[in-house]
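Have the structure open and follow along.

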Amino acid sequence: MNAPKETTKDAVKVPFIDLRAQYAGLRQEIRAAIDGVLESQHFVLGPHGEALEHDLAAYCDAKYAVALANGTDALTIALAACGIGPGDEVIVPTFTFVATATAVVRLGARPVFADIDPATFNLDPAEIERRLTPQTKAVMPVHLYGLPAEMETINAIAARHRLYVIEDNAQAIGARYKSARTGSLGIAAGISFYPTKNLGAYGDGGMMVTNSEKLAAHARRLRDHGQSGKYHCAEPGWNSRLDEIQAAVLRIKLQRLDDWTAARRAHAQRYNELLAGVPGITTPNVPAHSEHVYHLYTIRILGESGRRDRVQQQLASLGISTSAYYPTPLHLQPVFAEYGHKPDSFPVSEQASAQVLSLPLFPELTNAQIERVVESLATALKETT
Ligand SMILES: *Cc1c(COP(=O)(O)O)cnc(C)c1O
C-alpha cells in the first residue's frame with residue numbers, strides 16, 4: 001500500500017546537483033576517449049593534457065595554462081611561483097572555501113582574513129588597505145559562486161602597494177568582468193575541475209592560468225617535483241600532474257561548457273523571476289559589468305538567527321536538497337585558531353554564513369523542478385520565523 005506513495009514522493013524530489021544526467025548525454029564520447037587513453041598507454045602529462053592547456057588558456061583569454069592535480073594545488077603553485085613563502089602574508093576573504101587559505105598556509109605564509117561586500121559576497125576591496133602590513137605580498141580574491149570579484153578596484157589597490165593578485169577562479173570559469181574573462185585579471189589564477197564544479201572531471205584536476213611566461217615555466221617545474229628536465233632538480237616542488245584520463249574527459253566537456261553555462265543562467269533568471277515577490281529573502285545581486293556563471297544560486301534567508309537552518313530542514317522534508325556555502329567563515333575555523341579571531345570580528349561574513357542558502361542548480365534542471373523548489377521555499381518560509 002505504501003509503495004506507490006513513495007514513488008510519487010520520489011518523483012517530486014529535487015536533488016541539489018545531478019551529474020548522472022550530464023553523463024547520460026556524453027557516455028559514448030567519454031568512454032571512447034578513456035579507451036583511447038588506455039590504448040595509448042600514456043597516462044600522465046601527455047597530448048590530452050597539452051591540448052587542454054592550450055584550449056583552456058584560450059578560453060580564459062590568457063596566454064598560458066598549466067595542468068595540475070587539483071584546484072588547491074593550482075592556488076598553492078601560483079603563490080609559490082610568485083615567491084610567496086615563510087614570513088609573507090596573503091589577504092584572503094574569510095567567506096570562502098577553506099582551500100583558499102590553506103593554500104597559503106601550505107607555503108609557510110599567513111592568510112590574513114578580510115571581510116566581504118554584503119551585496120556580492122565577494123572580497124570588499126576597501127578591506128585590503130585595512131589588513132595591509134609590511135609583510136603583505138599578495139591578495140587572493142575569490143569569484144564566489146561564479147560571480148567575479150571587483151577586480152578593477154582590487155587591481156588598482158594592489159598596484160599601489162605592489163601586491164600580487166592571484167584569482168581563486170575555482171567556481172567561476174567562463175565568468176566575465178567588464179567583458180574580460182576571469183582567470184586573466186591577475187598575475188595568475190587557479191581553476192578547479194572537482195567533479196561538481198562547472199567544468200568537472202571524473203576525479204580531481206586543476207589548472208593554473210597566467211599571462212606570464214616566467215610564472216608558467218616555474219609552475220611547470222613545480223608540478224613535477226621542482227625538476228627542470230629529467231633528473232635535474234634545483235628546488236623542491238610537488239607531484240601535481242593532471243592525468244590523461246581526466247584531461248581527455250575535460251576536453252570533451254569544455255566543448256559543452258558554454259551551453260551548460262547558458263542553461264545555468266537561464267535557470268537563475270527563472271529563479272529570479274519566481275522569487276521576486278517572495279518576502280524574507282534576497283536573490284543574487286549581479287553588478288551590471290559582470291557576467292555570473294552561477295556555479296551556485298545562493299539566496300539569503302533573512303530573519304531571526306537559526307531561521308536559515310529551519311528553512312533548510314523544512315525544504316529537506318519536502319524533498320528539496322539545498323546547501324549552505326559556507327556555514328562557518330574561515331577566521332572561526334579551528335585550523336586558524338592560532339590567529340585568535342573572535343566572533344564579531346568579520347560581521348558581514350558572519351552574517352552571510354548564518355543566512356546563505358544555495359538552491360538546486362545544474363544545467364539539466366527542469367522548469368518543473370525550479371517551480372517545485374520555489375513553491376516549497378515559499379511554504380517553508382511561511383512555516384518558519
Ligand atoms: C573547489 C574550490 C577550491 C579547491 O579546488 P579543489 O580542486 O577541490 O582542490 C578552492 N577554492 C574554492 C573557492 C573552491 O570552490
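## The sheet

Seven strands make an open sheet in the order 1-9-8-5-4-2-3, with mixed pairing. Strands here are DSSP E runs of at least two residues and helices are H or I runs of at least four, both numbered from the N terminus; two strands pair if DSSP finds at least two bridges between them. At the edges sit strand 1 (64–68) and strand 3 (110–114), each pairing on one side only. Ignoring direction, neighbouring strands are turned by 25° against each other on average.

This is a predicted model, where local features need pLDDT of at least 70 and side-chain atom pairs count only at pLDDT 80 or more, while totals for chains, interfaces and linings use all residues. Residues are numbered from 1 along each chain as its sequence is written, and side-chain values use heavy atoms, leaving out hydrogens and water.

## Helices on the sheet

Helix 5 (residues 71–81) packs on the sheet, and the strands it touches include strand 1, strand 5 and strand 8 (188–192). Its direction makes about 165° with that of strand 8. Contact means heavy atoms within 4.5 Å, and angles run from 0 to 180 degrees between N-to-C directions, with axes fitted to C-alpha atoms, for helices over the stretch in contact. Helix 8 (residues 151–160) lies across strand 4 and strand 5, at about 150° to strand 5.

Leucine 79 belongs to helix 5 and is buried, at 0% relative accessible area. (Buried is under 20%, exposed over 50%, partly exposed in between, using a 1.4 Å probe and protein chains only.) Among the residues leucine 79 touches are Val90, Leu107, Met140 and Ile166, leaving aside residues up to four places away in sequence.

## Salt bridges

There are 13 salt bridges in the structure, each a side-chain nitrogen of Lys or Arg within 4 Å of a carboxyl oxygen of Asp or Glu. Glutamate 53 pairs with arginine 223, with the closest N and O atoms 2.9 Å apart. That links helix 4 (residues 47–59) to the loop between helix 9 (213–222) and helix 10 (244–254), 170 residues apart. Both glutamate 53 and arginine 223 are buried, and salt bridges link Glu53, Arg220 and Arg223 in a network.

Then there's arginine 160 with glutamate 129, at 3.1 Å from N to O. Arginine 160 lies in helix 8 and glutamate 129 in helix 7 (residues 126–131), so this pair ties together parts 31 residues apart in sequence. Arginine 160 is exposed at 55% relative accessible area, while glutamate 129 is partly exposed at 37%.
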